[in-house]
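Here are my notes for a colleague opening this entry. Please keep the sequence and the 3D view at hand while reading.

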Amino acid sequence: MPSYTTVQITQDPQEPRIARLLLNRPERLNAIDEAMPREIRAAVEWANAEDGVHVIVVEGAGKGFCGGYDLSLFGQGEVDHPCQQERSPWDPMVDYAYMKRNTEDFMSLWRSPKPTIAKVHGHAVAGGSDIALCCDLLVMAEDARIGYMPTRVWGCPTTAMWTFRLGATRAKHKMVVNQVLLTMGLEQAQSLATIFDGITRHNPEGLWFRRYAQTEGFKAAVEWRDSGRPIPEGDEAREQVRQLEARRRPG
């Protein structure tokens with residue numbers, strides 16, 4: 001069996017026709033790091049190359065399926081990263097190239113010649129919902145919760161699967177931006193959604209969220225985002241960014 005750092009892929013001992021793809025960062029609610037998207041794709045490719053495997057079941061270790069991108073790395077982290085650029089002005093195509101590759105890695109589940117099933121328990125949220133919705137079928141436990149909270153600030157579903165799996169009316173009611181409805185076809189929608197995702201992370205509101213996470217911790221930033229409190233916008237966000245940066249300067 002292949003070995004990875006963030007996922008496991010094995011044939012079920014009782015039913016070897018089933019390959020079990022386990023998201024395996026339970027200490028971080030199976031949050032997505034740099035390696036996970038690539039390893040999901042590699043695991044799917046392995047399962048498709050195994051003649052004895054007929055179906056791939058994706059599940060999460062520990063108490064949930066996947067908590068989305070790891071904000072201790074991508075939000076709170078003090079890094080200049082393609083999807084968290086400190087440079088100014090930000091380069092949208094650098095951001096797009098990185099996130100589009102992650103989207104294509106998740107879509108390996110959708111494009112798999114062998115059926116894929118998401119076995120969801122606990123939370124499948126933000127980027128974790130992208131992974132689940134890229135599977136052919138979802139089986140939801142009684143305690144399962146699925147959603148995309150970052151649409152308030154700092155995120156847009158890059159796979160666009162909320163629209164394509166739920167239908168336009170329900171997806172719009174849930175969260176997805178209207179512009180995705182103007183596209184024709186999944187790939188075009190994903191390209192547009194990935195561009196929007198980069199904008200949400202580098203506009204004034206997105207920069208405020210990042211600075212707040214870096215100053216107060218990502219848990220405090222997520223609590224604000226999910227509480228329903230107004231998100232600072234425009235000039236208000238810019239002013240709060242200046243204040244937060246001043247607090248972070250030594251001396």
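1. Start with His202. This is a predicted model, and in it His202 is buried because its relative accessible area is 13%, under the 20% cut-off. His202 belongs to helix H7, which covers residues 186-202. The side chain of His202 reaches back to the backbone oxygen of Gly198, at 2.9 Å.

2. Next, look at how H7 meets helix H8 (residues 204-216). Two packed helices are described by the angle between their axes and the distance between the axes. For H7 and H8 the angle is about 60 degrees, and the axes lie 4 Å apart. H7 is therefore oblique to H8.

3. Which residues make this contact? From H7 come Thr200, Arg201 and His202. From H8 come Pro204, Gly206, Leu207 and Arg210. By type, the residues of the H7 contact with H8 are two nonpolar, three polar and two charged.

4. Now turn to the core. In soluble globular proteins, nonpolar side chains tend to be buried together. The largest nonpolar core in this model holds 52 residues. Those touching the most other members are Leu21, Leu23, Ile40, Phe65, Leu109, Ile131 and Trp208. Helix H1 (residues 36-49) gives this core its largest share, six residues.

5. What does Ile40 touch, not counting residues up to four places away in sequence? The list is Val7, Leu21, Leu23, Asp105, Phe106, Ser108, Leu109 and Ile131. Asp105 and Ser108 are among these partners.

6. Check the backbone at Leu29. Its phi is near 55 degrees, a positive value in a residue other than glycine. Leu29 sits in the loop between strand S2 (18-23) and H1. Is Leu29 buried or partly exposed? Leu29 is partly exposed, because its relative accessible area of 42% falls between the cut-offs of 20% and 50%.

7. Ala126 is placed in the loop between strand S5 (123-125) and helix H4 (127-133). With a relative accessible area of 10%, Ala126 is buried, because that value is under 20%.

Terms used
Residues numbered from 1 in each chain as written. Predicted model: local features only at pLDDT ≥ 70, side-chain atom pairs only at ≥ 80, totals over all residues. Heavy atoms only, no water. Helix = DSSP H or I, 4+ residues; strand = E, 2+ residues; numbered from the N terminus. Buried < 20%, exposed > 50% of the residue type's maximum accessible area, 1.4 Å probe, protein only. Polar contact = N/O pair within 3.5 Å; in protein donor to acceptor, adjacent residues only side chain to side chain. Axes fitted to C-alpha atoms, helices over the stretch in contact; angles between N-to-C directions. Parallel < 35°, antiparallel > 145°, perpendicular 65-115°, else oblique. Contact = heavy atoms within 4.5 Å. Nonpolar A, V, L, I, M, F, W, Y, C, P; charged D, E, K, R; others polar. Core = buried A, V, L, I, M, F, W, Y, C linked by side-chain atoms within 4.5 Å.
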